Amino acid sequence: MKIAISCQGPNLNDSIDPRFGRAKGFAILDTDNDSYEFVDNTQNLNAPQGAGIQSAQNVAATGAKVIITGHVGPKAFTALEKGAIKIFLTESGTVEDAFSAYKNGNLEEASGADKPGHW
């Protein structure tokens with residue numbers, strides 16, 4: 001299974017990026033073959049609108065079934081939900097910390113957006 005984590009850089013020791021739609025990128029961890037890749041998201045950093053939806057499309061294109069991020073707005077939440085991508089929220093730590101918390105069952109699945117749009 002592929003797990004996406006919004007992050008501020010391309011390394012596993014980089015920090016979580018708390019803004020899903022405007023994250024610098026996504027760490028994609030594949031638990032089936034222990035592989036890792038970084039998906040750049042800079043095209044959405046300064047998007048006037050639609051960053052959350054476009055970022056959800058970027059994550060869906062990787063085949064991820066889970067996203068771990070700091071916060072998610074209503075449009076992004078809906079887009080991820082329609083893509084059958086489960087959302088887990090955490091605000092601090094590194095990509096490795098977030099992955100470990102997820103594996104250990106220490107993150108709760110989000111039931112809705114936790115931020116208004118355009119924050």
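The legends below describe close-up views of a predicted model. Local features need pLDDT of at least 70 and side-chain atom pairs count only at pLDDT 80 or more, while totals for chains, interfaces and linings use all residues. Residues are numbered from 1 along each chain as its sequence is written, and side-chain values use heavy atoms, with hydrogens and water left out.

**View 1. The largest nonpolar core.** This core (buried Ala, Val, Leu, Ile, Met, Phe, Trp, Tyr and Cys residues joined through side-chain atoms within 4.5 Å) has 17 residues. Buried means under 20% relative accessible area, with a 1.4 Å probe and protein chains only. F20, F26, V59, I67, V72, L80 and I87 have the most contacts inside the core. At least two of its residues come from each of β2 (25-30), α1 (51-62) and α2 (74-82); helices (H or I, at least four residues) and strands (E, at least two) are DSSP runs, numbered from the N terminus. The largest share, three residues, is supplied by α2.

**View 2. Surroundings of L80.** Leaving out residues up to four places away in sequence, L80 touches (heavy atoms within 4.5 Å) F20, A56, I67, V72, I85 and I87. A second, separate core has 15 residues, including I16, A27, V66 and A101.

**View 3. The two faces of β2.** Six of six residues in β2 are buried. G25, A27 and L29 point one way, and F26, I28 and D30 the other. In a regular strand, side chains alternate between the two faces of the sheet.

**View 4. Strand partners of β2.** Strands pair if DSSP finds at least two bridges between them. β1 (residues 2-7) runs antiparallel to β2 with six bridges, and S6 stands opposite F26. β3 (residues 35-40) also pairs with β2 in the antiparallel sense over six bridges, with F38 as the bridge partner of A27. Four residues lie between β2 and β3 in their hairpin, and D34 in the turn has a positive phi of about 55°.

How values were computed: Buried means under 20% relative accessible area, exposed over 50%, partly exposed in between (1.4 Å probe, protein chains only).
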